[in-house]
Amino acid sequence: MNSSFFGDMLQTIADRGRALMARDRRPPSEQLSANLVDLCEQVLSGRGEASGVALASEILARYAELTSGSRVAFFESLASKFGPDHQQLEAAIETWRAGATDVTAAGVHTAAEPRRQELLRRLNLAPGGTAALVRMREQLLDALARRDDLAAVDRDFVHMFSSWFNRGFLVLRRIDWSSPASILERIIRYEAVHRIHGWDDLRRRIDPPDRRCYAFFHPALVDDPLIFVEVALTREIPGAIDPILTMQSEPVEVHQTTTAVFYSISNCQRGLTGVSFGNFLIKQVAEEIAREYPKLTRYVTLSPVPGFAGWLRRELAAETSKAIKPEDRDALTQVETAGWWKSDTQALRDPVLRAAAWYFLHAKTRNGAPVDPVARFHLGNGARLERINWLADTSENGLGQSHGLMVNYLYELADIEKNHEAFAQQRTVVASSAVTKLVKTPAFDLTSFVG
């Protein structure tokens, strides 16, 4: 109700602003230039509130009509013409040098802010402005793939969104079969990990007593989720995704469950890439479930390994590899053959699991973080790499990305902060002995440790 009232109020202000501008005696071409850049300069020129909101609405409406080439030209103008005022910045720096105080430091901070940030603030005042700017960022990301010179514009979007979508503004809501159809449709559309095959499939995931779905919402986007997580309540830590996704399975009696499994986390708004919600989501959902079912003892994920197949392919192509034992190389090349997983795979199991353990424990980016993005996310949240699961996802996507592997990350509530600090400070990959032993003992018996 409050969001609706605020939106209606902004719409009223915008309508009044348009009326004021319509009564202005200056020629329309001077009042509302066809050039978006000129309009942006006008909105920054300090107009009154009503006309400023109306002008922001006009800018966003005209932007929405641009073709892809014109959008890139607009982003180029934002990059070249709406950065910091260099003269003001130089003057502020000189003032600070003459007397380094909190006041002069604040002057440098103010002068260093790109004009783009204030432009985004003013555009955000338009009715539907937040959603329009999120869509604008999506299109900027498309352009950024080919235009590194637009990176400064993107940084300003991320900076502003990080404030506007602060955790304090987010609302956690449970999604169930009684949720509005518009939200349920979006859950089907936004699912990014395990595709939802229609309404029956969705109902199996959110309606039974052993299933949960939670999402974060923002008041400015009303019923459009930012991120959601699907949860299964199980008796044991799962080693494969099919038993969770199958529509033929019988629900588990909740009083028999011991484990909450986060098996799918989907970001819904591509324009908010770089703004983190998932860490807050998992922790808050864990707290919600713990209050409802205090007898649950474990909180784990069943996570994909999106980078493993590509990484292994590159290691096999190299003349030498620290990650691959010479005696494993021939076996590992077989996972590139069609239908390999349908035959007797026992000879492939151990070599693949050894390579995967090395991938998680030792394959790093330039800044020392794990190369696997899902691992970075969960380890950064304080989870422990608990188990690597063999042929846990035999879907086309699972085989293509990870040769069927999935992993369990364990959220031990008492250790989350300690694990998070170890990862943040030393990039330590906290892993169970079941995982670390895979890279130490080639002949290790994996049966009791790996699903």
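What percentage of the 451 residues of the protein chain count as buried? The figure is 46%, where buried means under 20% relative accessible area, exposed means over 50%, and partly exposed lies in between (1.4 Å probe, protein chains only). Keep in mind that this is a predicted model: local features need pLDDT of at least 70, side-chain atom pairs count only at pLDDT 80 or more, and totals for chains, interfaces and linings use all residues. Residues are numbered from 1 along each chain as its sequence is written, and side-chain values use heavy atoms, with hydrogens and water left out.

Let's start with the overall layout. The protein chain has 21 helices and eight strands; these are DSSP runs numbered from the N terminus, with helices (H or I) of at least four residues and strands (E) of at least two.

Now pick out a pair of helices. Two packed helices are described by the angle between their axes and the distance between the axes. For helix H9 (residues 129-144) and helix H10 (residues 151-164), the axes come within 10 Å and cross at roughly 150°. Those axes are lines fitted to C-alpha atoms, for helices over the stretch in contact, with angles running from 0 to 180 degrees between N-to-C directions. H9 is therefore roughly antiparallel to H10, since angles over 145 degrees get that label, while those under 35 count as roughly parallel, 65 to 115 as roughly perpendicular and the rest as oblique. On the H9 side, the contact is made by Leu133, Val134, Met136, Arg137, Leu140, Leu141 and Leu144. H10 brings in Ala151, Val153, Asp154, Phe157, Val158, Phe161 and Trp164. Sorted by class, that makes 12 nonpolar, no polar and two charged residues. Here Ala, Val, Leu, Ile, Met, Phe, Trp, Tyr, Cys and Pro count as nonpolar, Asp, Glu, Lys and Arg as charged, and the others, Gly among them, as polar.

Leu141 turns up again with Arg270. You'll find Arg270 in the loop between strand S4 (259-267) and helix H14 (278-292), and at 38% relative accessibility it is partly exposed. Leaving aside neighbours within four places in sequence, Arg270 is in contact with Glu138, Leu141 and Asp142. Arg270 and Glu138 are 132 residues apart along the chain, yet their C-alpha atoms are separated by 6.0 Å.

Next, look at helix H12 (residues 198-206), where Asp201, Leu202, Arg204, Arg205 and Ile206 are buried. Their cover includes strand S1 (171-174), helix H11 (181-190) and helix H13 (242-245), along with S2, S3 and S4.

Two loops hold a backbone detail to spot. Val222, between strand S2 (211-217) and strand S3 (227-234), has a phi near 50°, a positive value in a residue other than glycine. His403, between helix H19 (396-402) and strand S8 (406-410), also isn't a glycine and has a positive phi of about 55°. Val222 counts as exposed at 52% relative accessibility, whereas His403 counts as buried at 2%.

Finally, the cysteines. With a disulfide taken as a pair of cysteine sulfur atoms within 2.5 Å, the count comes to zero. Cys268 is in no disulfide, and the nearest cysteine sulfur, that of Cys213, is 9.0 Å away. Cys268 is buried at 9% relative accessibility, and Cys40 is buried too, with a relative accessible area of 0%.

Note on methods:
Contact = heavy atoms within 4.5 Å.
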